[in-house]
Amino acid sequence: QVIKCKAAVLWEANKPFSIEEVEVAPPKEHEVRIKIVATGICRSDDHVITGALVMPFPIILGHEAAGIVESVGQGVTLIKPGDKVIPLFVPQCGECKSCLNTKGNLCSETDLGTRSGFMPDGTTRFTCKGKAIHHFLGTSTFTEYTVVHESAVAKIDSAAPLDKVCLIGCGFSTGYGAALQTAKVEPGSTCAVFGLGGVGLSVIIGCKVAGASRIIAVDINSDKFAKAKELGATDCINPKDFNKPIHKVLMEMTGQGVDYSFEVIGRVDTMTAALACCQHNYGVSVIVGVPPAKQNVTFDPMLLFTGRTWKGSVFGGWKSKDAVPKLVADYMKKKFVLDPLITHTLPWTKINEGFDLLRTGK
């Protein structure tokens with residue numbers, strides 16, 4: 001059956017979301033229809049609104065969520081109606097080169113690089129006012145019901161609180177994994193984290209769990225420092241407080257630079273600063289923030305020639321279908337906290353207010 005429900009539709013760039021009645025088609029073969037219970041707001045959604053991440057319109061955004069399976073299409077065997085699940089914007093098909101390689105996690109089924117705005121079969125499950133509405137990253141969670149491919153959904157512990165573990169769908173896993181999976185932070189090491197949003201704070205949690213002895217948090221909004229310290233930051237610095245480049249400040253603080261640095265903002269100037277602040281020979285710098293469209297990085301290649309490693313990390317390097325249920329289990333065992341990452345809980349009809357809070361750094 002087609003489900004009629006409410007969704008936040010973005011008709012065009014740089015406009016607010018419009019709460020509309022949409023029709024959600026039933027799941028086709030190997031697809032799953034989910035009732036969304038809780039969804040987080042991520043800067044990547046905002047990048048689509050501003051045009052920094054180019055996607056086709058109209059579109060239903062949202063990619064960090066948790067919900068309950070409403071129905072499944074033919075051929076779906078591992079998931080049944082009533083299961084608690086997390087949609088995966090990086091799917092895991094289990095068959096492509098990245099899925100088969102132990103070092104890879106960016107499944108070729110993801111819509112991240114192609115930006116088509118469709119399901120894997122090239123069609124959409126959403127219509128509104130007679131128009132086809134595009135999907136976002138194969139998830140589209142700013143709606144009461146969504147349809148995802150079975151490779152893009154993970155079944156989780158039925159006791160998990162969905163309003164907390166929804167963060168494991170993107171922000172938490174992305175930051176936590178950047179530290180543990182991509183950088184492989186070691187005990188006793190020194191780390192610098194640029195950007196203290198939800199993902200940056202999750203990097204700090206990961207660095208602390210990995211046993212880093214010093215974690216330096218960097219942000220131009222000093223209001224974020226208290227929470228960074230609560231989660232494990234040992235030092236907090238605001239680039240506005242110095243009249244020299246921030247990488248030089250970090251070099252002076254640490255002697256030879258940090259062992260690991262993380263750029264969790266999505267700006268080319270902070271990406272090069274994060275690279276420059278790590279140890280010249282064995283330092284590792286990880287790009288976690290989504291790079292802005294049509295911008296290139298300019299830097300001195302000597303930064304890399306001396307031995308530094310520059311890496312990118314999508315979804316924290318986790319193989320999504322394998323890792324998400326384990327991360328939920330770790331949360332249930334209190335291996336890490338999620339509550340401090342949640343600053344506001346709003347009814348989802350106030351989604352535009354939520355984005356205003358994001359943009360003002362609140």
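The C-alpha centres of domain 1 and domain 2 lie 28 Å apart in this predicted model. Domain 1 covers 3-171 + 317-360 and domain 2 covers 183-312, with bounds taken from an automatic or database domain assignment. Residues are numbered from 1 along each chain as its sequence is written, and side-chain values use heavy atoms, with hydrogens and water left out. Local features need pLDDT of at least 70 and side-chain atom pairs count only at pLDDT 80 or more, while totals for chains, interfaces and linings use all residues.

- Twelve residues from domain 1 and 13 residues from domain 2 take part in the contact (heavy atoms within 4.5 Å).
- Between them the two domains bury about 930 Å², 64% of it on carbon and sulfur atoms (accessible area, 1.4 Å probe, lost on being put together and summed over both).
- On the domain 1 side, Gly171, Pro340 and Leu341 lose the most area to domain 2, together 45% of what that side buries.

**Polar links across the interface**
- Zero salt bridges are found between domain 1 and domain 2 (a side-chain nitrogen of Lys or Arg within 4 Å of a carboxyl oxygen of Asp or Glu).
- One residue pair is in polar contact between the domains, both at pLDDT 80 or more (N or O atoms within 3.5 Å, one able to donate a hydrogen and the other to accept it; residues adjacent in sequence count only if both atoms are side-chain atoms).

- Three bridges join β6 (residues 126-128) to β7, and Thr127 stands opposite Ala132 in β7.

Note on methods. Pairing = 2+ DSSP bridges. Helix = DSSP H or I, 4+ residues; strand = E, 2+ residues; numbered from the N terminus.
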